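Please keep the sequence and the coordinates open while reading.

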Amino acid sequence: MKSEPAQTMSSSQPEARSRLNVLSCNILAGGSIKRYREYVTHSWKHVLPTGKRANLDGLAGILPEFDLVALQEADAGSLRSGFLNQTEYLAENAGFPFWTHQPNRKVAKVSASSNGLLSRLKPTEVLDYPLPGRIRGRGVLWVRFGSGQHSLVVLVAHLSLGTQARAHQLGYITELLEGHPHALLLGDLNTSIESPELRNLFARTSLQLPETAPLTFPSWAPARAIDHILATSTLKIETLRTLPHLVSDHLPIAATVELPISLDAQAHAADAHPSEKIASA
């Protein structure tokens with residue numbers, strides 16, 4: 001797919017902007033939790049595929065309105081998913097022409113957690129970065145749309161539960177954002193925007209503190225805002241909201257993001273079928 005050249009804008013006029021509809025969701029490998037005690041009483045469901053494909057079908061039904069969908073805890077194909085690559089399955093069932101994923105943590109044949117991205121725009125570059133931490137199994141999926149300074153960079157991450165590990169991971173993400181003025185950070189960051197580690201991220205990058213932080217966890221009685229869609233200063237988050245609980249113990253978080261129309265990523269939505277996997281470098 002070819003990108004259109006960036007438009008020349010007069011400095012005396014506001015820059016024209018276009019929009020992307022973006023979603024981020026920790027999908028718990030297609031599982032569903034409705035109260036805390038089910039982590040114990042329904043623990044068997046975490047390692048078996050029972051009901052998960054139906055949950056994914058329900059999620060796929062709401063995805064067509066979005067241009068980019070970031071996934072965390074998508075199973076890459078193991079016992080708990082019926083050996084189904086859930087990122088690929090959602091891409092095909094929701095009509096996304098492009099998808100990519102980053103398997104991070106495999107436990108024998110029982111589970112294979114991954115980050116994933118579904119896209120209507122064709123990526124020009126995909127990179128996998130493992131995140132630092134005492135316990136391995138966290139990563140950042142780094143995806144570029146367009147080229148050079150007129151590109152959009154999207155990072156999909158699922159951070160650790162521990163404060164110290166999370167701080168190191170956000171420090172690493174700070175380095176990955178250097179030199180990329182148009183960027184989005186999407187994912188389950190496991191911390192609120194008021195936390196010291198996220199405040200440090202805002203201070204060291206051009207990511208902007210969002211005006212609101214919708215509560216996303218737990219999905220049945222949201223009390224914490226730990227899932228985020230963060231944008232650099234050249235982008236504008238027009239709306240930020242959660243969607244009704246369909247799967248997981250997290251609510252999906254959605255945003256309409258305004259982009260400068262000069263970004264190469266906004267050339268055209270691709271028309272490809274079937275869904276095409278974009279491999280990482």
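In this predicted model, Asn190 sits in the loop that runs between strand 8 (183-188) and helix 5 (196-204). Is Asn190 buried or exposed? Its relative accessibility is 9%, and because the cut-off for a buried residue is under 20%, Asn190 counts as buried. The backbone of Asn190 carries a phi near 60°, a positive value in a residue other than glycine. For context, most residues other than glycine have a negative phi.

The surroundings of Asn190 can be described through its side chain and its contacts. The side chain of Asn190 reaches the backbone oxygen of Leu159 at 2.8 Å. When neighbours within four places in sequence are left aside, Asn190 is in contact with Arg138, His158, Leu159, Ser160, Leu161, Arg166, Arg224 and Ile226.

Two helix pairs are set out next. Two packed helices are described by the angle between their axes and the distance between the axes.

| Helix pair | Angle between axes | Distance between axes |
|---|---|---|
| Helix 4 (residues 163-177) and helix 5 | about 15° | 9 Å |
| Helix 2 and helix 3 | roughly 45° | within 9 Å |

The angle of helix 2 to helix 3 makes helix 2 oblique to helix 3, and helix 2 passes helix 3 in a right-handed crossing. Helix 4 and helix 5, with an angle of about 15°, are therefore roughly parallel to each other, because angles under 35 degrees count as roughly parallel. The crossing of helix 4 and helix 5 is right-handed.

An α-helix has 3.6 residues a turn, so residues three or four places apart point the same way.

In the other pair, Arg53, Leu56, Asp57, Leu59 and Ala60 of helix 2 meet Gln86, Tyr89, Leu90, Asn93 and Ala94 of helix 3. Within helix 3 (residues 86-94), the residues Gln86, Thr87, Tyr89, Leu90, Ala91 and Ala94 are buried. The N-terminal end of helix 3 is capped by Asn85, which places a side-chain oxygen 3.2 Å from the backbone nitrogen of Thr87. Just after helix 3, Gly95 adopts a positive phi of about 75°.

Helix 2 (residues 52-60) also holds Gly58, which has a relative accessibility of 35% and so counts as partly exposed. Gly58 and Val247 lie 189 residues apart in sequence, whereas their C-alpha atoms are 8.1 Å apart in space.

A further pairing across the sequence involves Ala255, which belongs to strand 11 (residues 253-260). With a relative accessible area of 1%, Ala255 is buried. The C-alpha atoms of Ala255 and Ile229 are separated by 7.2 Å, although the two residues are 26 residues apart along the chain. Not counting residues up to four places away in sequence, Ala255 touches Leu20, Asn21, Val22, Ile229, Ile237, Thr239 and Leu240.

Two other backbone features deserve a note. Leu28, in the loop between strand 1 (17-26) and helix 1 (38-41), has a positive phi of about 50° although it is not a glycine, and Leu28 is buried, with a relative accessible area of 15%. The peptide bond that joins Phe217 and Pro218 is cis, with an omega of about -10°, and Pro218 lies in the loop between helix 5 and strand 9 (227-231). Most peptide bonds, by contrast, are trans.

For the chain as a whole, the model contains five helices and 12 strands. Buried residues make up 52% of the 281 residues, and the protein chain exposes about 12600 Å², of which carbon and sulfur atoms supply 52%. Among contacts between residues at least 6 apart in sequence, 70% join residues at least 24 apart.

How values were computed: Residues numbered from 1 in each chain as written. Predicted model: local features only at pLDDT ≥ 70, side-chain atom pairs only at ≥ 80, totals over all residues. Heavy atoms only, no water. Helix = DSSP H or I, 4+ residues; strand = E, 2+ residues; numbered from the N terminus. Buried < 20%, exposed > 50% of the residue type's maximum accessible area, 1.4 Å probe, protein only. Contact = heavy atoms within 4.5 Å. Areas by Shrake-Rupley, 256 points an atom, 1.4 Å probe, with all protein chains shown as cover. Polar contact = N/O pair within 3.5 Å; in protein donor to acceptor, adjacent residues only side chain to side chain. Axes fitted to C-alpha atoms, helices over the stretch in contact; angles between N-to-C directions. Parallel < 35°, antiparallel > 145°, perpendicular 65-115°, else oblique. Left-handed = near helix turned anticlockwise from the far one by under 90°.
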